[in-house]
Amino acid sequence: MNSKLKDPLIDKLFEAVLCLENTDECYRFFEDICTVAELKSLAQRLEVAKMLEDTRTYGEIAEGTGASTATISRVKRSLNYGADGYKLVLNRLRGGK
């Protein structure tokens, strides 16, 4: 993959995430590495992406997640023009490969 983010420190972060074995370990690691607000923001964006993929309206998404329309628009832009990371993860969470 040819990402604009490619960097040795980010590689090490991703390797650290990939070595986590379960949800409890994820909670432990992310509680140490992120603020509560950062973690909630990441979780919110993933839920926004899921709801956009489920063709929910901006109003439904804002009400269901508390996300601003600006956040919803940014996530939608990523879904349409990004690196397909959201689509990859959402597909896998739904049982796809």
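Predicted model: local features only at pLDDT ≥ 70, side-chain atom pairs only at ≥ 80, totals over all residues.
Residues are numbered from 1 along each chain as its sequence is written, and side-chain values use heavy atoms, with hydrogens and water left out.

Me: Why is threonine 65 called buried?
Reply: Its relative accessibility is 18%. Buried means under 20% relative accessible area, exposed over 50%, partly exposed in between (1.4 Å probe, protein chains only). Therefore threonine 65 counts as buried.

Me: What makes helix 4 roughly perpendicular to helix 5?
Reply: The two pack at an angle of about 115 degrees, with axes 10 Å apart. Axes are lines fitted to C-alpha atoms, for helices over the stretch in contact, and angles run from 0 to 180 degrees between N-to-C directions. Under 35 degrees is roughly parallel, over 145 roughly antiparallel, 65 to 115 roughly perpendicular, the rest oblique. So helix 4 is roughly perpendicular to helix 5.

Me: Which residues of helix 4 and helix 5 make the contact?
Reply: Tyr58, Ile61 and Ala62 of helix 4 meet Thr69, Ile72, Ser73 and Lys76 of helix 5. Contact means heavy atoms within 4.5 Å.

Me: Which residues does glutamine 44 contact, leaving aside neighbours within four places in sequence?
Reply: Thr65, Gly66, Ala67 and Thr71. Glutamine 44 itself sits in helix 3 (residues 36-53).

Conventions:
Helix = DSSP H or I, 4+ residues; strand = E, 2+ residues; numbered from the N terminus.
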